[in-house]
Amino acid sequence: MADWLGPEEWQAVALSLKVSLWAIVLSLPFGILTAYALARWSFPGKQVLNGIVHLPLILPPVVTGYLLLLTFGRRGPVGGLLDDWFGLVFAFRWTGAALAAAIMAFPLVVRAIRLAIEAVDPRLEQAAATLGAPRLWVFATVTLPLILPGVIAGAILGFAKAMGEFGATITFVSNIPGQTQTLPSAIYTFLQVPGGDASALRLVAVSVAVAMAALTVSEVLARRAAKRVSGA
Amino acid sequence: MSLEVDITHPLAGFDLRVAFEAPGGVTALFGRSGAGKTTVINAIAGLLRPQAGRILLSGVPLFDAKARVNLPVHRRRLGYVFQDGRLFPHLSVRQNLTYGCRFAPRGEPGPGLDEVADLLGLGPLLDRRPGALSGGEKQRVAFGRALLARPGMLLMDEPLAALDAARKEEILPYLERLRDQSGLPILYVSHSVAEVARLATTVVVLEAGRVVRAGPAEQVLSDPAMVRQFGLREAGAVLPAHIARHHADGLTELAVSGGRLFLPEMDQPPGTRTRVRILAHDVIVADRAPEGLSALNILPGEVVALREGQGPGVVVQIRCGGDLLLARVTRRSAEALALAPGRRVYAVIKTVSIARTDVGAG
């Protein structure tokens with residue numbers, strides 16, 4: 001496969017995989033926490049949080065990208081601090097691409113997991129509490145196993161979104177080969193140059209293959225988890 | 001180990017205002033649907049925070065509105081058996097049973113997994129999933145799971161209500177064994193008079209958020225004032241008895257304080273203590289010793305009280321020996337027999353049923 005793809009194309013595929021995996025690793029824990037808060041807790045500002053979570057889904061991706069640039073850029077309020085404290089730089093790095101992908105995937109991750117949490121009977125969690133289990137233990141041993149199919153679905157959905165993310169990424173971290181040129185950016189670039197059609201087509205094929213593989217894996221995992229949960 | 005409850009809480013339509021004490025044994029919280037029973041038991045378990053009042057277990061406050069004590073659910077150590085079982089669907093029966101074990105205080109005495117599985121007949125089910133169990137089996141697992149968490153008390157919210165009659169009969173003996181062998185106090189919420197008569201040692205009658213009567217089961221069940229709450233068809237007394245002897249013609253003779261009762265043959269040996277239930281509509285009242293009747297069970301007694309209801313019926317409370325019986329007669333008969341407190345009568349009993357057998361309590 002490495003022979004079949006040119007070095008530049010291969011670079012884009014590898015980068016996209018890396019960026020998307022990181023995006024999911026980043027957004028899953030926050031996604032589960034946010035989904036749990038939205039599904040189970042009542043607190044002031046819940047609707048505001050819900051709105052903020054969904055913003056990337058509604059806003060034009062370019063707007064999200066620009067907001068990220070303003071916030072997480074070298075001179076941005078958060079970006080500057082992260083650079084000073086941890087030496088963590090997002091602007092025009094693959095880390096920024098991962099951040100952009102995570103933010104764009106976040107609403108999808110939260111929605112899938114929230115639906116799963118809402119489907120869990122809270123009376124099961126009550127039953128666990130009457131048996132002496134503290135809240136966190138109840139979450140880890142009852143809630144989490146029961147929502148696993150939803151978590152897997154959310155992760156796959158988020159991964160697919162991250163793989164396809166274009167607008168926010170190109171606005172936030174530009175389109176630097178080897179650094180921030182993900183699959184969609186690469187396809188876009190190849191289409192802009194004469195004779196790039198073949199490269200673009202090969203990357204399109206890779207995109208389709210990755211999407212199909214992700215879907216298959218998620219189906220298998222979700223079916224296995226659902227079988228465990230059904231209790232049969 | 002006893003439970004003291006004194007709480008108020010607003011409910012739709014009325015305020016719940018309940019105070020009662022549950023000593024050892026089985027305390028039945030009886031009431032029609034919507035009387036507030038589940039609210040009370042949930043408040044005790046900590047699943048609901050009452051507006052005011054307090055709940056003490058062996059003198060230790062679980063909840064005290066004034067002192068701002070409200071122990072979280074997982075620290076109350078009350079084993080709760082829900083009407084719908086609530087087994088964890090993703091865990092095996094064994095994992096369900098042992099779920100609470102790791103939180104049980106170290107060194108706390110109590111039965112282990114093997115003993116509980118034995119007590120409740122769960123051995124063959126241990127490796128199954130809850131989805132593959134029948135309703136009765138699920139409830140038995142729920143009993144075991146609550147028991148294995150080593151609670152200070154068991155709370156049961158209509159644990160048999162979701163089961164059909166056959167499953168109830170199948171599970172009741174297990175429940176009786178659980179009661180007799182665990183020694184734990186049990187608060188048993190129910191709207192079934194038959195279950196209360198069979199299991200309870202203490203009865204608390206709840207109506208529209210108020211306790212209308214509380215006391216030992218024998219007294220509350222034979223109180224003519226409670227006939228309305230228990231329902232005309234279900235009202236009846238329970239009497240302590242013991243097996244006197246078995247007769248060759250297939251009858252078992254039971255001794256009650258007011259005389260002898262004959263029942264179809266029982267399995268237990270003579271001396272076994274038991275409890276019989278005699279429904280009010282199964283008792284005929286006679287003013288002299290009846291002759292030429294096929295009824296075997298006739299107890300002499302004395303009328304203690306009469307209570308007239310809405311219809312043509314009168315409920316008569318009769319003292320037979322040290323126990324109280326209820327009889328339902330028509331007002332016309334009551335007048336014809338000149339029934340009044342102090343009148344000597346004979347209670348002709350059409351049907352006696354065994355309400356409960358105390359296993360091993362010779």
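Modeller: A salt bridge is a side-chain nitrogen of Lys or Arg within 4 Å of a carboxyl oxygen of Asp or Glu. B:Asp15 and B:Arg17 are joined in this way through their side chains, at 3.8 Å from N to O.

Colleague: Before we continue, what kind of model is this?
Modeller: This is a predicted model, in which local features need pLDDT of at least 70, side-chain atom pairs count only at pLDDT 80 or more, and totals for chains, interfaces and linings use all residues. Residues are numbered from 1 along each chain as its sequence is written, chains are lettered from A and ligands numbered from 1 in the order in which they are written, and side-chain values use heavy atoms, with hydrogens and water left out.

Colleague: Which residue forms a salt bridge with B:Asp223?
Modeller: The partner is B:Arg213, and the closest N and O atoms are 2.6 Å apart. B:Asp223 lies in the loop between α7 (217-221) and α8 (227-230) of chain B, while B:Arg213 belongs to strand β11 (residues 210-216) of that chain, so the pair ties together parts that are 10 residues apart in sequence. Helices (H or I, at least four residues) and strands (E, at least two) are DSSP runs, numbered from the N terminus.

Colleague: And is B:Asp223 buried or exposed?
Modeller: B:Asp223 counts as buried, because its relative accessibility is 13%. B:Arg213, at 23%, is partly exposed.

Colleague: What about B:Glu308 and B:Arg331?
Modeller: Their side chains form a salt bridge of 3.4 Å, N to O. This pair links distant parts of the chain, 23 residues apart: B:Glu308 is in strand β17 (residues 297-308) of chain B and B:Arg331 is in helix α9 (residues 331-336) of chain B. B:Glu308 is exposed, at 53% relative accessibility, whereas B:Arg331 is partly exposed, at 28%.

Colleague: Changing topic: how many residues does each chain give to the contact between chain B and chain A?
Modeller: Chain B gives 24 residues and chain A gives 22 residues, where contact means heavy atoms within 4.5 Å. The two chains bury about 2100 Å² between them, with 64% of it on carbon and sulfur atoms. Buried area is the accessible area (1.4 Å probe) that two parts lose on being put together, summed over both. B:His74, B:His90 and B:Tyr99 supply 29% of the area that chain B buries against chain A, more than any other three residues.

Colleague: How many salt bridges are there between chain B and chain A?
Modeller: The count is one. B:Asp84 and A:Arg123 meet in a salt bridge, with 2.9 Å from N to O. Both residues belong to a network of salt bridges that links A:Asp121, A:Arg123, B:Asp84 and B:Arg86.

Colleague: How many salt bridges cross the interface of domain 1 and domain 2 of chain B?
Modeller: The rule finds one salt bridge there. B:Glu218 also forms a salt bridge with B:Arg275, the closest N and O atoms being 3.6 Å apart.

Definitions and conventions: Buried means under 20% relative accessible area, exposed over 50%, partly exposed in between (1.4 Å probe, protein chains only).
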